[in-house]
Amino acid sequence: MKNAVIVGGGRGKGAIIVDCLLKNQYNVINIGSSKHPDCENIIVDWKDIDISFVQRHCRFDYPIDFIFFSQNSSSLAEQDFSLKIDTLQTWRLVKDWTQSNWLSCQLPFLLVHTLRDNIHANTKIGWMLSSYIKHTAKGNNKNPDYSSFKYFNYLQMKCFSEQNNFKTFGIYPDFNVDKSENILYNTIIQVLLDTDKHKEYYF
């Protein structure tokens, strides 16, 4: 049986990915604040995940064949750039922004490095990306930190691929299309079948 680690797989779109992996005979470890009923769970409040938590709880003694980052975090909105916001609120925004950056970008970077001894040439590591990484995308300024995090994840996906021999992939979803959950499920099946060193999927 193959092994998978999913960050943010307890519910929503992440749970669809977990369901697909379970159906395809994967042993799945879900890391996040919500429990998936059918897999192993490492449950933690998002605000409590830090470097020491990853070092203590995210080490395994078997190969990891699939890793996916499905978590999202955003703290900034377009209106937060108004200079009418008072000083205390600005400080709070910066603190929340820092936490969102940690969860969205730095946590995947740390976790991949932490699992270096579990990762092998056929391990597939993926990120949920977004069309908002394009600077011309309409609406990408509505939550500017979210858009920037997705772009960084695109870059770290590319850098991990170029610097290592494992496989990487990114998914650019449009959850406004009909049957988007079914499309996501089938996209994961295609990821499991593909043998590309790096590939990006769109729907």
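I looked up the largest pocket and noted a volume of about 720 Å³. On a 1 Å grid over the protein atoms alone, a pocket is an open set of points where a 1.4 Å probe fits, with protein on both sides within 12 Å along at least five of seven lines. Points are joined across faces, edges and corners, and the volume is the space filled by probe spheres set on them.

The model is predicted: local features need pLDDT of at least 70, side-chain atom pairs count only at pLDDT 80 or more, and totals for chains, interfaces and linings use all residues. Residues are numbered from 1 along each chain as its sequence is written, and side-chain values use heavy atoms, without hydrogens and water.

Next I checked the lining (residues with an atom within 4 Å of a point). I found 31 residues there, with Lys 13, Ser 70, Asn 72, Tyr 146 and Phe 175 nearest the centre. Helix 1 (12-23) and helix 4 (144-163) are the elements that give two or more residues to this lining; helix 1 gives the most, with three. Helices (H or I, at least four residues) and strands (E, at least two) are DSSP runs, numbered from the N terminus.

I read an open sheet of seven strands in the order 3-2-1-4-5-6-7, with parallel pairing; a pair needs at least two DSSP bridges. Strand 3 (40-43) and strand 7 (198-202) are at the edges with a single partner strand each, so one side of each has no neighbour in the sheet.

Last, I followed strand 1 (residues 2-7), which pairs with strand 2 (residues 26-32) in the parallel sense over six bridges. Asn 3 has Asn 27 in strand 2 as its bridge partner.
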